[in-house]
Amino acid sequence: MKKRFNFWTKTSILIVYLVIATGGIVRMTGSGMGCPDWPKCFGYYIPPTNIAELSWVSQKIFEKGQMIIYNDELKISKKDFISGSDFNPKNWQGYTKHDYSVFNPLHTWVEFINRLIGMVCGISVLILGFYSIQFYKNKPIITLLSLLAIIAVGFQAWLGKIVVDSNLSPYSITIHMLMALLIISILIFIYFQNGDYKKNNIKNITLKNIVLLSLIFTIIQIVIGTQVREFIDQQIIMIGETNKNLWLLVLPSIFLTHRSFSLLILTINFFIIYLSKKMNLNSKIIFWILGIIAIEIILGIAMYYLHFPFSSQPLHLLLATILFGAQFYFYISIRNINQKNIKINTE
């Protein structure tokens, strides 16, 4: 049972990162409103592939809740009926949560696949919760954290609905991202609590505080990154998707802050390596953290000077969340070093 629990803990973490990766692709392709409703997509469990499926035609069977685009507006069927020779407005009601009424099959299916993976994530966390029951007597914290993970994933799904209903408002996207980080934290902490550890006598408060500071800065950097992405989205609307070289012609202050923070985070983590070497702390995870930061900076430079190469944006986001996960695991490892035997060396 313990092996199965470990398997589903790791699986849940991987699927959360997969959801984040596909979410980045949704953002990159502009597919956030590919499904204008939630949890269905245009009123379907399996979304349409052709505009004809969303058009009103006579002598067609329409089911309650099914959507059409009529006169550039979303209409929802009030009941099951067969359409007559003329459009009858009494059978339909307008969609009032937003006024977005565009159908693009690519956008629709990119968003739908992201939702499907999110559903798989929910199932994985539910299975994890089931296997966590075995720890209730000896390690109740694991069971409680697993329950919290289920609640957090459910809340994240609800936030996804809010993002769609608000037509991708910036604040909702940022909260959605922060919630993803919280889910990662919970799952990594579960993995940590159920791990096998080796003794390591380290009592350096400075290292703990610096690692925590670095973790906080990474969270701030991710939030700033969502604001930079919002600026890019606005530039795409105003300038056009094909004029990538003009998106950052005038640099906003938020972009400059984002760039400066990356150097600050890099410097702090070099200092962490210095403290670790000074304490003879054999922790390979620190070098993984530094490597991810370096790749992130290189990607940032590429996006600026090479005008956002294909897939660079979702990869940039994914690596940022992986960096957060690695930093969080390292922090809880050294934070608990005086309370229990901790395994610091991560292969």
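In this predicted model, Cys 35 and Cys 41 are both buried. A disulfide joins Cys 35 to Cys 41, with the two sulfur atoms 2.0 Å apart. The angle about the S-S bond is -85 degrees, and the link of Cys 35 and Cys 41 is left-handed. A search of the whole structure finds 1 disulfide. Cys 121, by contrast, takes part in no disulfide; the nearest cysteine sulfur belongs to Cys 35 and lies 18 Å away. A pair of cysteine sulfur atoms must be within 2.5 Å to count as a disulfide. Cys 121 is also buried, because its relative accessible area is 6% and the limit for a buried residue is under 20%.

Is Arg 115 buried or exposed? Its relative accessible area is 15%, so Arg 115 is buried. Apart from its neighbours within four places in sequence, Arg 115 is in contact with Cys 35, Asp 37, Trp 38, Pro 39, Lys 40 and Val 164. Between Arg 115 and Leu 215, which are 100 residues apart in sequence, the distance in space is 29 Å from C-alpha to C-alpha.

Two of the residues that Arg 115 touches, Trp 38 and Pro 39, deserve attention. They are joined by a cis peptide bond, for which omega is about 5 degrees. Pro 39 lies in the loop between helix 1 and strand 1, the latter formed by residues 61-62. As a general rule, most peptide bonds are trans, and most residues other than glycine have a negative phi.

The second part of that rule may be compared with two residues in the model. Asp 72 is not a glycine, yet it has a positive phi of about 60 degrees. Asp 72 is placed in the loop between strand 2 (67-70) and strand 3 (73-77). With a relative accessible area of 66%, Asp 72 is exposed, because a value over 50% counts as exposed. Asn 167 likewise has a positive phi of about 60 degrees without being a glycine. Asn 167 counts as partly exposed, at 31% relative accessibility.

Asn 167 belongs to the loop between helix 3 and helix 4. How do these two helices lie against each other? Helix 3 and helix 4 pack at an angle of about 165 degrees, and their axes are 9 Å apart. Angles over 145 degrees count as roughly antiparallel, and helix 3 and helix 4 are therefore roughly antiparallel to each other. Their crossing is left-handed.

The nonpolar interior remains to be described. In soluble globular proteins, nonpolar side chains tend to be buried together. The largest nonpolar core of this model has 73 residues, of which Ile 184, Leu 187, Ile 190, Ile 272 and Phe 330 touch the most other members. The elements that give two or more residues to this core include helix 1 (2-28), helix 5 (205-239) and helix 8 (312-335). Helix 8 gives the most, with 12 residues. Leu 187 touches Thr 9, Ser 12, Ile 13, Val 16, Leu 128 and Ala 149, when residues up to four places away in sequence are not counted.

Conventions. Residues numbered from 1 in each chain as written. Predicted model: local features only at pLDDT ≥ 70, side-chain atom pairs only at ≥ 80, totals over all residues. Heavy atoms only, no water. Core = buried A, V, L, I, M, F, W, Y, C linked by side-chain atoms within 4.5 Å. Buried < 20%, exposed > 50% of the residue type's maximum accessible area, 1.4 Å probe, protein only. Helix = DSSP H or I, 4+ residues; strand = E, 2+ residues; numbered from the N terminus. Contact = heavy atoms within 4.5 Å. Axes fitted to C-alpha atoms, helices over the stretch in contact; angles between N-to-C directions. Parallel < 35°, antiparallel > 145°, perpendicular 65-115°, else oblique. Left-handed = near helix turned anticlockwise from the far one by under 90°.
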